Amino acid sequence: LEFIRVAQCLRAASDDLAMGGNNLAGRRLTVVPRQLTVLMASVGPEDMVENGEEFIKQCDWLNVQQQLGISQAALRLGHRTLSNKWLLKAIDSLDSLDSLHAPGTKKEAQIAAYILSVMMGETTEFDEDKLDGYDNKPRLLIQLGMAALKNGQQRGAMEIFKQATALCNSSDPPDYKDEVLRAMDAQIIIELEEGNMDGAVQAIRSRISLVSDWIGSSSSALAKDMHRLACVHSMYGRHEDSAKLLGESIFIGSDYDDYDILDSVKLLATSLDVMNDLDGSKSEYELALTKEKDNTKKARIMNALANLHVKVGGQTELAVEYLKKSLE
């Protein structure tokens, strides 16, 4: 009965947290009578007397589950210290719990405690050994990397993301593929912020490879990633690489409403201009002019076309015509 009372108190605490309670210290919890279906499932009323030891084990296991539930609820509400307190209680309880589920659950709880310590700033270095023996390692690495990123540890987070994505090289997408792709996005941003162009290019190429395998070689997502890589090449003066990628991106993405074909066309026109492919650049700018709706942006495209006609030579009348239109 004492075990049942404790379990009910823990459930009441969990419910209080879920409803927004944030100060449990010093408060007396009201025990609400509840059905103990979870206990009755494996231990019948008669067995409580005849097999009291098994019933107590079930109570112990329920106690641990409630402690883990409170820890999770506290974390979701942003109470990291309180979450860590209940998590450590659960780990201590699991040490003395003789259950088939205990070893695996304890390992998961220990990993959660390690990630939580990173989120709280208590751990600043990545320790891969802490995650050994757990099957869902890539996902845990991603969570750990995100925690490190929130604490401002960009370099450490990026190294963790690299390890996580390196483990996701299968052509079959995992259930958490969106998390993997977000981790790769974070890695790309960090590389660009640190001025590591080669690292950013490699990260985007890796993302393109996974997107092609997981989502499709003719998907809107692939077209967008190609556009992103083209932007990086253009930013660092690799216009030939940029133009090639933009051509492929436009070919794939033109069938999708969520693909910004106008942006790709304008960037392609700029790259061709720098490469002195003036005819090709004019063609792209003229296409962009038919798609652009904003008058200010239309004027800029007309100015670009005017400059192109001046570069070609002998087409000053067309240049003047475009300049006049841009001023209207």
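Residues are numbered from 1 along each chain as its sequence is written, and side-chain values use heavy atoms, with hydrogens and water left out.

Let's begin with pLDDT, the predictor's confidence in each residue, from 0 to 100. The chain averages 76, and 69% of the residues score at least 70. Where pLDDT is low, the predicted coordinates should not be read in detail.

Now to α12, residues 239-253, and its partner α11, residues 220-235. The two pack at an angle of about 165°, with axes 8 Å apart; axes are lines fitted to C-alpha atoms over the stretch in contact, and angles run from 0 to 180 degrees between N-to-C directions. α11 and α12 are therefore roughly antiparallel, a label for angles over 145 degrees. On the α11 side, the contact includes L222, M226, L229 and H233, and on the α12 side it includes L245, L246, S249 and I252. Sorted by class, this contact has eight nonpolar, seven polar and two charged residues. (Ala, Val, Leu, Ile, Met, Phe, Trp, Tyr, Cys and Pro count as nonpolar, Asp, Glu, Lys and Arg as charged, and the others, Gly among them, as polar.)

α11 also packs against helix α10 (residues 197-214), again at about 165°, with axes 9 Å apart. That angle is why α10 and α11 are roughly antiparallel too. Among the residues in this contact are V201, I204, I208 and V211 of α10, along with L222, M226, L229 and V232 of α11. The class count here is 10 nonpolar, two polar and four charged residues.

Finally, the salt bridges: a side-chain nitrogen of Lys or Arg within 4 Å of a carboxyl oxygen of Asp or Glu. By that rule there are 12. In one of them, the side chains of R155 and E159 meet at 3.4 Å, N to O. R155 and E159 both sit in helix α8 (residues 154-166), four residues apart, or about one turn of the helix.

Definitions and conventions: Predicted model: local features only at pLDDT ≥ 70, side-chain atom pairs only at ≥ 80, totals over all residues. Parallel < 35°, antiparallel > 145°, perpendicular 65-115°, else oblique. Contact = heavy atoms within 4.5 Å.
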